[in-house]
Amino acid sequence: MKRLQGKVALITGASSGIGRASAKLFADEGATLGLMDIKTDEGEQIAAEITAAGGMAKFLNVDVTDGGRIETAVETFATDFGGIDILYNNAGGATPRDDHLLNMPLDEFDAAIALNLFGPFAACRSVIPHMAMRGGGSIINTASIRSMIGTVGADGYTSAKGGIVTLTMALAVQCAPKGIRVNAIAPGAVMTERVKALMSAGNDSGPDQAMIDKHLLGLGEPEMVAPAALFFACEDSRWVTGQILPVDGGASMN
Ligand SMILES: NC(=O)c1ccc[n+]([C@@H]2O[C@H](COP(=O)([O-])OP(=O)(O)OC[C@H]3O[C@@H](n4cnc5c(N)ncnc54)[C@H](O)[C@@H]3O)[C@@H](O)[C@H]2O)c1
């Protein structure tokens, strides 16, 4: 039996990186997928690949900083698929403007919060009533190694990811009576195109050499994070809620 057979999973930021790898893994495990991103061509392409391989996936262009757009998309997926079981709040990331707080434009803080904290907050708000109607579900949020240890730079992003940790714990408590589990993954440095761009930005928006050196098992790839999302999505983690799981090659303990 596939681990997500019969389950409906929504993934934000599904057009590239960790979200894309997770969409493919969830599809392999039998999930029906509602994919969201601002990159339409790539998202449509992934949905088409999953469908061509015999799976079920639909893509919608959704900017997660727009709570109304999230709400509309969630209602569409719930209607089309008959309900929602899993939400993977993956969309996020720092930008090259995000740096040490003394060096970054102040409005970048608002942008970082909108993408990395408001987006997941709004998506949880839209999805929880649907999961409750189903008698339960699983929400997977995305924190960061920057929310587990003190790091250099990307201070707007770091602030937002810290909020994800406490939001995850609060929702775990509030949603347990509804049968909804809420956990988060805290990735270390994963070599997506976005992170490579940050590392060549010439500031502290990306991981510096000291951070890179902390990764006992080397730097990560998106396919190394996706199995952790699958664990939280499926019944293997049915007795786990409110946890923040570092998936970071040992960086947070080194
Ligand atoms: N890669 C890392 O080193 C790393 C480390 C820690 C945490 N994370 C977190 O993991 C998640 C995925 O990161 P990634 O490296 O795979 O990034 P990525 O840039 O490869 O993928 C993120 C996806 O989110 C989409 N996106 C961006 N803004 C959006 C918006 N407003 N609305 C909807 N979609 C939007 C992008 O188009 C992209 O497809 C992020 O939350 C990131 O903060 C990544």
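Where is the place of E29? I worked from a predicted model and found E29 in the loop that runs between α1 (17-28) and β2 (32-37).

**Entry on E29.** Setting aside neighbours within four places in sequence, I listed the contacts of E29 as K2, R3, L4 and L230. I also checked E29 against G206, which lies 177 residues away along the chain, and their C-alpha atoms are separated by 33 Å.

**Entry on α1.** I noted 12 residues in α1 and a reach of 17 Å from its first C-alpha to its last, close to the 16 Å expected at 1.5 Å a residue. Among the buried residues of α1 I noted G17, R20, K24 and F26. Just after α1, I found that G30 takes a positive phi of about 95°.

**Entry on the core.** I looked up the largest nonpolar core and found 73 residues in it. Those that touch the most other members are A9, L10, F26, L33, L35, A229 and A233. I noted that helix α4 (residues 107-134) gives the most to this core, with nine residues. For A9, leaving out neighbours within four places in sequence, I recorded contacts with L4, F26, A31, L33, D85, I86, Y88 and A233.

Definitions and conventions: Residues are numbered from 1 along each chain as its sequence is written. This is a predicted model: local features need pLDDT of at least 70, side-chain atom pairs count only at pLDDT 80 or more; totals for chains, interfaces and linings use all residues. Helices (H or I, at least four residues) and strands (E, at least two) are DSSP runs, numbered from the N terminus. Two residues are in contact if their C-beta atoms, placed from the backbone, lie within 7 Å. The expected span of a helix is 1.5 Å times one less than its number of residues. A residue is buried if 20 or more other C-beta atoms lie within 10 Å of its own, exposed if 12 or fewer, and partly exposed in between; C-beta atoms are placed from the backbone. A nonpolar core is a set of buried Ala, Val, Leu, Ile, Met, Phe, Trp, Tyr and Cys residues joined through C-beta atoms within 7 Å.
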